[in-house]
Amino acid sequence: MDQKLAGKTALVTGASSGQGAAEASLFAQAGARVILSDIADEAGEAQAQAIRDGGGEAQYRHLDVASEDEWANVIDGIATDFGALNILVNNAGVPLRGGSVTNTKLEDWNRLLSINLTGPFLGIRTAAPLIRDSGGGAIVNTGSIAGLTGHFATAYSTSKWGIRGITKSAAMELVDWNIRVNAVHPGLVHTPLVEESVDFVQALADQTPMERGASSEEIAKVVLFLACDDSGYITGHDIAVDGGFTDIGGYWRVLKQVMAQPDQNI
Ligand SMILES: NC(=O)c1ccc[n+]([C@@H]2O[C@H](COP(=O)([O-])OP(=O)(O)OC[C@H]3O[C@@H](n4cnc5c(N)ncnc54)[C@H](O)[C@@H]3O)[C@@H](O)[C@H]2O)c1
């Protein structure tokens, strides 16, 4: 494949599983030196080994994205060991099942926001100076369609709407450091994050114009686009990767319902 990230060093959070693992693998195929990070150490080491077995350059490092100290350790380590960082993907995230506004406990709210929103904040704040000193680069944040439309899981949705805010403010502040900051907003993606929510997965696939969920690899390709020079004139942008759910989903459902009538009167 095209070596779009040749000579680049990239850090991906939440890379032991799902989309983060796919992004790390695709980045390595595109020529990057990839640092995978996560709290699931065994799975992360295995992902890094699989990339090395395939001829790519990869290392695993433990990083709880909610920890300021761990961010400092990992970024210091990258500066010492590699002397540069060009790309940061803030991908790590957790759901909160059944988290409606009236039954969300404060400790669950705080925990989710500390991972899904404070994590990317700490990541951008800690990594940006090294990316600047490396000549600039790109940061890609992982939001969700739950941050593009109203959603029923309050803490999760709030964290993903927050991703849009920090993406835009960081893009504005870091443009002079030659750092682009964008966000990808996946719809349904078949990963462990949603595998227990069987009814939700089926309903969301049914309500998506493409009538299916995405693979992690489909999301990774868009993240690669945002991380490499192909998107060199794009910053502060939200990209939905959702099979049409947010942009055409409302009227698609209306059209589908009308077309199902015997005498369509549209
Ligand atoms: N799967 C979907 O349908 C979907 C849809 C929209 C957005 N997303 C978002 O995509 C991102 C990736 O999720 P996924 O679907 O690949 O799920 P996943 O569960 O497969 O992967 C998430 C990874 O994050 C790691 N993680 C959890 N807490 C962490 C922490 N404190 N520090 C570091 N790593 C931590 C997990 O160990 C796991 O490896 C998340 O931000 C999620 O909110 C997922």
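**Reading a glycine, a helix pair and a ligand shell**

Author: Let's start with one residue of this predicted model: Gly162 has 19 C-beta neighbours inside 10 Å, so Gly162 counts as partly exposed.

Reader: Why does Gly162 count as partly exposed?

Author: The general idea is a count of neighbours: a residue is buried with 20 or more other C-beta atoms within 10 Å, and exposed with 12 or fewer. Gly162 has 19, so Gly162 falls in between.

Reader: At what angle do helix 5 and helix 6 pack?

Author: Angles under 35 degrees count as roughly parallel. Here helix 5 (residues 118-133) and helix 6 pack at about 15 degrees, their axes 11 Å apart, and therefore helix 5 is roughly parallel to helix 6. Their crossing is right-handed.

Reader: Which residues make the contact?

Author: Helix 5 brings Pro120, Phe121, Ile124 and Ala128, while helix 6 brings Ile163, Ile166, Ala170 and Leu174. By class, the contact has eight nonpolar residues, no polar and no charged.

Reader: And the ligand: which residues come nearest?

Author: Gly14, Gly18, Gly93, Thr191 and Leu193 do, out of 28 residues around the ligand. Sorted by class, that shell holds 14 nonpolar, 12 polar and two charged residues.

Reader: Which helix gives the most to the shell around the ligand?

Author: That is helix 1 (residues 18-29), with three residues.

Technical notes:
Residues numbered from 1 in each chain as written. Predicted model: local features only at pLDDT ≥ 70, side-chain atom pairs only at ≥ 80, totals over all residues. Near = placed C-beta within 6 Å. Helix = DSSP H or I, 4+ residues; strand = E, 2+ residues; numbered from the N terminus. Nonpolar A, V, L, I, M, F, W, Y, C, P; charged D, E, K, R; others polar. Axes fitted to C-alpha atoms, helices over the stretch in contact; angles between N-to-C directions. Parallel < 35°, antiparallel > 145°, perpendicular 65-115°, else oblique. Left-handed = near helix turned anticlockwise from the far one by under 90°. Contact = placed C-beta atoms within 7 Å.
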